[in-house]
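Please open the structure in a viewer and keep the selection tool at hand.

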Amino acid sequence: MGYLKEIGLYFMMLKGVFIKPTKTSVLRNLVLKEIDDLIIGSLGIVCFISFFVGGVVAIQTALNMDNPILPKSLIGFASRQSIILEFAPTFISIIMAGKVGSFITSSIGTMRVTEQIDALEVMGINSLNYLVFPKIIAMLFYPFVIAIAMFLGILGGYTAAVFGGFATGDQFIVGLQDNFIPFQLVYAFLKTFVFALLLATIPSFFGYYMKGGALEVGKASTTSFVWTSVFIILANYVLTQLLLS
Amino acid sequence: MIEVKDLKKGFGGDELVLKGISTTFEKGKTNLIIGQSGSGKTVFLKCLLGLFRPTEGRILYDGEAYSELSPENQRTLREQMGMVFQGSALFDSMTVEENIMFPLKMFTKQRKAERLERANEVIKRVNLIDANKKLPSEISGGMQKRVAIARAIVNNPKYLFCDEPNSGLDPRTATLIDNLIQEITHEYDITTIINTHDMNSVMEIGEKIVFLQKGHLAWEGSKDTIFSTENQDVTDFVYSSDLFKKVREAVIKDHQ
């Protein structure tokens, strides 16, 4: 029963986000600030993780190819499939649930604890629109982060395969181009878009409706990470079933 | 002026937090709501602010009931309210100046230069020195309260609400903040309502005092009449402070 109430409250929050909009000039600055905090601020960690995990995927594939009949180009093919289909959209989104999600929950939660949200409400400002809407708009740029993660993941795979002596550059590129289905990119970006909405709204929900003090802000951040990850995994399963099967 | 007529507020259960309060808060006066913790002070203040919808009864702001206004008029009325929160509630990502200009930025079409000019006027009025470009975390609690007051009055409100404005401050700063609120109330001729349980504030600025006890209005009067009341609840509350108890004992001894 409690979960149903929470889900209902989440959808009521979403409704509240889109009514009574904030003044356009103020909103523009808020969106730019959120893009800086949520998107630009995440690029460093995403680039680092993508490059090295891409490399590990290539090495693991190479080390598990015992059969000499298997072509070396398979390393490029397997890296591309793993990175584009799952690693970049899903794995990076779960990392972002930790980084961006806990940032959103703790910043909104702190505003709740210190009565800053009440101050907005008293002034007659729709605090949900003021706080959550700019985050949703900023997260529309999230697919660019995932595109960078895809590129760097494959680059990491190429570097590890070629400089580790597992395949030549030509073999890796042949594998990359082998049996490429463009719809898989559409699928990857479609689910990235859904994950972006989850990443913006679920942590906002846990921050906005939290009660208590500083300790509870920490607890809300942890809970937010857990539930954002759960919903990303569930959405991933449902979207994969719907779009690929 | 704010008139409260038979205000009742509950939260779904049988028990009401506010059990039929009727009173008037006059313009140009510092009106204090006092009472013990759990007496319903905060719920009362939130009803007055329009954050809680009354279960029964009406609140009239210069004759207009908030709940009966159109959303547009409710918004206009809200813009006429200023609030000083217990913890100041300053936006910690904004400088002092930006915090004070915030209501102007949200509700007026003023240019930045005009907003800055108005902000500097109120900054001067609340005696904030060399703090314009500082973040709230870089200034003292007393200065934060001054910023909160400046933010509350920058848009020329008709109603000023303060929730425990001097909590967490040393006695001298607390008195300065109390006096500043009273001066501003007289100067701007606004209706000020202060939620407090600080007896020093009562003695300093209590031009009208409303005493709440378990959701009822148990007594109302002023700082001049609070010590002569025979209402036992008020007397117990007033003399729960050691200082006031000792003063009273000394006075009684003198008379004997």
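Begin by selecting residues 226-244 of chain A in this predicted model. Next, select residues 38-63 of chain A, where the chain is 88% helix and 0% strand. Here the end C-alpha atoms are 37 Å apart. Both stretches carry the annotation "transmembrane region" in an unreviewed UniProt entry. That record gives the annotation to residues 83-104, 136-164 and 185-206 of chain A as well.

**Two helices of chain A**

Remain in chain A and select helix H8 (residues 142-163) together with helix H10 (residues 182-208). How do their axes cross, and within what distance do they come? The axes come within 9 Å and cross at roughly 125°. Because of this angle, H8(A) is oblique to H10(A). The crossing in which H8(A) passes H10(A) is right-handed.

To view the contact itself, display the side chains on each helix. On H8(A), select A:Tyr142, A:Pro143 and A:Ile146. On H10(A), the residues that they meet are A:Phe189, A:Thr192, A:Phe193, A:Ala196 and A:Leu199. By class, this contact comprises 7 nonpolar residues, 1 polar residue and no charged residue.

**From chain A to chain B**

Now display both chains and turn to the contact between them. Chain A contributes 12 residues to this contact, and chain B contributes 14 residues. Which element supplies the largest share of the side of chain A that touches chain B? Select helix H5 (residues 116-122) of chain A, which provides 5 residues. Colouring the side of chain A that touches chain B by class shows 5 nonpolar, 3 polar and 4 charged residues.

**The two domains of chain B**

Finally, hide chain A and colour chain B by domain. Domain 1 of chain B consists of 2-80 + 158-255, while domain 2 covers 89-156. The C-alpha centres of these two domains of chain B lie 26 Å apart. Where they touch, 11 residues of domain 1 of chain B are in contact with 9 residues of domain 2 of chain B.

With 6 residues, helix H6 of chain B gives the most to the side of domain 1 that touches domain 2. That side of domain 1 of chain B divides into 8 nonpolar residues, 2 polar residues and 1 charged residue.

How values were computed
Residues numbered from 1 in each chain as written. Chains lettered and ligands numbered in written order. Predicted model: local features only at pLDDT ≥ 70, side-chain atom pairs only at ≥ 80, totals over all residues. UniProt positions renumbered as here; feature names shortened; annotations may be inferred. Helix = DSSP H or I, 4+ residues; strand = E, 2+ residues; numbered from the N terminus. Contact = placed C-beta atoms within 7 Å. Nonpolar A, V, L, I, M, F, W, Y, C, P; charged D, E, K, R; others polar. Domains from an automatic or database assignment. Axes fitted to C-alpha atoms, helices over the stretch in contact; angles between N-to-C directions. Parallel < 35°, antiparallel > 145°, perpendicular 65-115°, else oblique. Left-handed = near helix turned anticlockwise from the far one by under 90°.
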